[in-house]
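Visitor: Hi! Could you walk me through this model and its packing?
Guide: Happy to, let's bring it up.

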Amino acid sequence: MRTDTSSRSGPAHVGVDGVRKIVLLGFMAAGKSTVAALLAERLGWEWLDLDREIERREGRGVPRIFRESGEAHFREREVAVTRELSSRSRLVLSPGGGWITNPGALALLGGGTFSAWLRISPEAALRRAEAAPGARPLLSGPDPLERVRRLLEEREPLYSVADSTVETDGRYADEVAREIEQLVRAQGLTSEAKR
Ligand code: S3P
């Protein structure tokens with residue numbers, strides 16, 4: 001278990017008004033949605049899962065969106081919904097693992113955003129992903145472990161811009177949520193009324 005906050009004196013995206021939004025970054029199956037829901041509950045904030053929101057609006061699941069309209073379309077939807085969230089406050093967002101590959105994704109969320117990277121090993125990610133076969137189109141095809149490793153290697157530099165890094169391997173979601181809650185409370189929460 002490790003929380004790497006040592007390299008930063010404070011989150012780059014959090015201003016004087018405190019944390020208004022939290023976004024959980026990390027690879028597929030790192031537990032972003034589960035942790036985000038628990039964290040939102042602990043804070044009394046709203047939780048929004050970006051994949052579920054896109055699915056709701058499109059009226060079809062992520063695998064079908066990829067199959068019928070392609071990854072580029074899905075990425076456009078991610079950006080479009082994210083843009084709408086910039087003015088929101090007291091929100092915990094769990095986007096999909098590839099959301100961070102959209103250029104400027106974090107900046108779209110606006111000031112006061114605290115980001116945490118839920119780090120997971122390739123082996124643990126694949127083990128968890130295999131519990132929901134077919135749910136993750138980018139892992140279909142031969143040698144999924146190699147695919148996970150390659151994607152993780154590409155994305156780690158993007159995830160690593162997060163304000164903090166939290167290990168998830170072998171840990172319960174509740175423990176991870178509590179850890180992020182402490183990190184966020186240490187930054188100071190927004191005093192804005194809910195809206
Ligand atoms: C993706 C991750 C998925 C989903 C889509 C693409 C990715 O979400 O958005 O299959 O590119 O890593 P999870 O991270 O919740 O699995």
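Guide: We'll go through a helix, the core and some ring contacts.

Visitor: What kind of model is this, and how are residues numbered?
Guide: This is a predicted model, where local features need pLDDT of at least 70, side-chain atom pairs count only at pLDDT 80 or more, and totals for chains, interfaces and linings use all residues. Residues are numbered from 1 along each chain as its sequence is written, and side-chain values use heavy atoms, with hydrogens and water left out.

Visitor: Where does α3 bend, and by how much?
Guide: The bend is at Ser69, by about 115°. That angle is taken between axes fitted to the seven residues ending there and the seven starting there. Helices here are DSSP runs (H or I, at least four residues), and strands are runs of E of at least two, numbered from the N terminus.

Visitor: How far apart are the ends of α3?
Guide: The end C-alpha atoms of α3 (residues 62–84) are only 20 Å apart, short of the 33 Å a straight helix would reach. The expected span is 1.5 Å times one less than the number of residues.

Visitor: Which helices do the buried residues of α3 pack against?
Guide: They pack against α2 (50–58), α4 (105–108) and α6 (144–159). Buried means under 20% relative accessible area, exposed over 50%, and partly exposed in between, with a 1.4 Å probe and protein chains only.

Visitor: Is Arg75 buried or exposed?
Guide: Arg75 counts as buried because its relative accessibility is 11%. Leaving out residues up to four places away in sequence, its contacts include Phe66, Trp99 and Arg155; contact means heavy atoms within 4.5 Å.

Visitor: Switching to rings, how many aromatic pairs are there?
Guide: The whole structure has 2. In one, the ring centres of Phe66 and Phe74 are 5.1 Å apart with planes at 45°, so that pair is tilted. Rings of Phe, Tyr and Trp (its six-membered ring) pair if their centres lie within 6.5 Å; planes under 30 degrees apart are stacked, over 60 edge-to-face, and the rest tilted.

Visitor: And the core, how many residues does the largest one have?
Guide: The largest nonpolar core has 54 residues, and Phe27 is among those with the most contacts inside it. Such a core is a set of buried Ala, Val, Leu, Ile, Met, Phe, Trp, Tyr and Cys residues joined through side-chain atoms within 4.5 Å.

Visitor: Where's Phe27, then?
Guide: Phe27 is in the loop between β2 (21–25) and α1 (32–43). The C-alpha atoms of Phe27 and Arg155 are separated by 8.2 Å, though 128 residues apart along the chain.
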